[in-house]
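This briefing is for a reader new to the structure shown below.

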Amino acid sequence: MDAAGGRVTVEEATPTSRGGKPAVLALLSDLMDGSGLGRAGFAALLALAVSAWAVFRLLPDAWLAAWSGERGASFIGPLLSPLLGSAGANLLAYAGLSALLLVVDAGLSIAWMLLMTALATRTHERMLSALLAAPTRFFDSTPSGRVVNRFSIDLGEVDSTLGSAGILFLRGALEISLSIVFCLLLVPSTVLVFPPVVALFLLLNRVNLPLSRAQRKYGSVQTGKALSLVKEGAAGAETVAAHGRGAWFERLLRERLAAHNAVELARMATRTWYGVRAETLPALMLAAVAALAFLSRSGGGASVAAVAGLALVYAQSVGSGFGRIMWSWNQSEIAFVGYERCKEYAGLEREAPPTRAPVLSHETPWPTEGRVEFREATLRYAGDLPLVLKGVSFEVPGGAHAGLVGRTGCGKSTALQALLRFVELESGSILVDGVDVAAIPLERLRRAIAFIPQDPVLFPGTLRSNLDPLGRRDEAALVAALDRAGLSRLANREGLESEVQGAGENLSRGERQLACLARAFLLEARIILLDEATASVDVATDTAIQRVVERECRGLTVLTVAHRLGTLKAATRVVELAAGRVVAVRDRGCAGKLAPA
């Protein structure tokens with residue numbers, strides 16, 4: 001973050017976490033760690049599976065070579081020759097060996113994809129867990145489109161491309177090794193052909209891979225920017241239109257789409273450049289092997305056609321195999337960029353654990369009174385930003401209704417965030433019933449305090465699922481909560497099953513706030529925080545909500561951030577803040593007037 005430049009978002013960058021290891025080896029290492037078999041067990045099982053595949057891949061060709069009379073074409077040819085029988089029996093044996101190869105090959109592919117599916121599932125779970133536990137500062141500095149990009153395109157690379165490229169590379173490498181062995185046994189002089197071809201492929205890959213990987217990373221960044229702008233434009237379409245900035249927004253979107261398309265065109269050009277050269281090398285190698293096979297057998301009595309035919313089959317397999325493994329190697333390296341980006345989110349910084357020694361057991365009820373006390377609380381949102389709270393101290397007795405007032409930016413909402421530990425204090429403390437909240441686990445702390453923000457938060461689904469997402473309360477409790485919140489028309493079975501569209505678009509803003517209030521009642525919290533919960537509703541709705549709060553929250557501690565004085569009619573204490581400091585604390589006397597505390 002660049003505080004000096006006024007930037008809120010941070011530039012996207014993906015650090016490399018594999019220490020220079022090839023993507024396939026790094027992938028195998030992660031699969032070993034997550035297999036549950038241990039590294040040694042996984043390596044042994046993988047070696048057994050690969051060896052079985054190699055044997056069954058070798059047997060059909062060796063049988064065909066022995067059947068054609070070229071017993072020396074493989075080291076197991078002499079072993080298979082005594083087993084030869086009639087033409088029909090030999091054909092049946094060849095078909096059986098080929099069928100076994102298909103079964104083993106399919107089994108290896110299915111097992112590999114199951115491993116990759118498990119890896120993708122674990123990665124998604126870790127990403128989601130880390131994202132939900134990330135501090136609020138992360139969401140302030142990260143555009144939503146960037147998050148969507150990680151969970152869609154990058155995770156899709158792990159689901160599909162990385163797994164298929166990995167198995168193609170392993171299978172192709174084994175197939176090339178076996179084909180080279182057969183080719184050398186049939187035509188030993190081909191030893192002059194393979195080293196130059198391998199060197200040329202490696203040189204081609206050395207040029208192509210860094211460029212493709214850089215294009216993939218840059219393309220992901222541009223995709224995230226475009227997605228963020230589309231999402232922000234959809235959310236703020238009315239504002240853009242009201243200010244006459246439609247043409248400006250369209251121009252900005254075109255620029256980002258152009259940057260994204262430029263990267264995609266560059267990637268297509270790079271793939272085409274690589275593909276032409278990757279197809280040319282195998283063709284040249286095939287011609288060289290054909291010439292050597294003819295020359296090496298032209299003066300002998302053996303069948304030139306049989307030897308040359310087998311040699312060309314294996315040479316073609318080597319040529320196409322080189323293209324496949326280089327392609328799959330490149331694809332795995334490029335797709336691994338997406339995997340690294342997913343792993344980066346899986347390792348996001350999490351909200352801080354308790355920073356004080358625990359003082360309460362799980363069985364001890366807390367809070368019981370709801371008394372809230374700030375003691376010289378000092379807070380800043382980031383290390384390079386100025387202080388927002390500067391030694392804030394005040395107390396709200398248990399069961400009291402208190403209001404926090406002050407100009408915009410004085411620290412009212414920040415005080416509520418500090419109470420819930422959305423942002424950690426730099427110094428000072430906040431006590432609830434005499435217990436420092438820094439010593440309370442976040443889950444327990446946030447279950448004990450109900451928070452109603454300015455913008456009501458509802459999710460697509462039913463009203464029942466919004467009130468009780470975990471399904472812990474019975475229908476009678478849900479109906480009672482709706483009735484207490486003033487939503488009598490929905491306080492029935494039909495109302496609970498009514499659909500909530502989008503973020504609650506089919507409900508008025510006042511009804512959405514009352515639904516959030518009903519959800520707070522279900523928590524049975526001793527402390528309720530209202531962060532300008534009525535700032536976006538009309539005065540009549542504001543008054544109705546305040547009546548509900550005054551009537552239903554007697555005996556509970558209520559902290560209200562407000563701009564309207566009418567919102568604080570029920571407040572027994574008002575705390576005034578200015579520039580991050582408490583400048584006045586006033587109590588309401590019996591005459592209903594505020595007096596210095």
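Strands β11 and β12 form a hairpin with two residues between them, and alanine 579 in the turn has a positive phi of about 55°. Helices (H or I, at least four residues) and strands (E, at least two) are DSSP runs, numbered from the N terminus. This is a predicted model, in which local features need pLDDT of at least 70 and side-chain atom pairs count only at pLDDT 80 or more, while totals for chains, interfaces and linings use all residues. Residues are numbered from 1 along each chain as its sequence is written, and side-chain values use heavy atoms, with hydrogens and water left out.

**The hairpin and its neighbour**
- Strands pair if DSSP finds at least two bridges between them; β11 and β12 (residues 581–588) do so in the antiparallel sense over six bridges.
- One of these bridges has alanine 578 with arginine 581 in β12 as its partner.
- Strand β11 (residues 573–578) is also joined to strand β3 (residues 401–405), by four bridges, and these two run parallel.
- Valine 405 has glutamate 576 in β11 as its bridge partner.

- Strand β4 (residues 427–432) and β5 run antiparallel and are joined by two bridges.
- Opposite leucine 431 stands aspartate 436 in β5.

**Aromatic pairs**
- The structure holds five aromatic pairs.
- Rings of Phe, Tyr and Trp (its six-membered ring) pair if their centres lie within 6.5 Å; planes under 30 degrees apart count as stacked, over 60 as edge-to-face and the rest as tilted.
- Phenylalanine 374 and phenylalanine 394 form a stacked pair, 4.6 Å centre to centre with 15° between the planes.
- This pair links distant parts of the chain, with phenylalanine 374 in strand β1 and phenylalanine 394 in strand β2, 20 residues apart.

**Backbone exceptions**
- Most residues other than glycine have a negative phi, and most peptide bonds are trans.
- Glutamate 376, a residue other than glycine, has a positive phi near 45°, and glutamate 376 lies in strand β1.
- The peptide bond from tryptophan 366 to proline 367 is cis, with omega near -10°.
- Proline 367 is in the loop between α10 (304–346) and β1.

**Helix packing**
- Axes are lines fitted to C-alpha atoms, for helices over the stretch in contact, and angles run from 0 to 180 degrees between N-to-C directions.
- The axes of helix α1 (residues 23–34) and helix α4 (residues 87–132) come within 10 Å and cross at roughly 80°.
- That makes α1 roughly perpendicular to α4; angles under 35 degrees count as roughly parallel, over 145 as roughly antiparallel, 65 to 115 as roughly perpendicular and the rest as oblique.
- Leu27, Leu28, Asp30, Leu31 and Gly34 in α1 meet Trp112, Leu115, Met116, Leu119 and Arg122 in α4.
- The axes of helix α14 (residues 475–484) and helix α16 (residues 509–523) cross at roughly 130° and come within 8 Å.
- Helices α14 and α16 are therefore oblique to each other.

How values were computed
Contact means heavy atoms within 4.5 Å.
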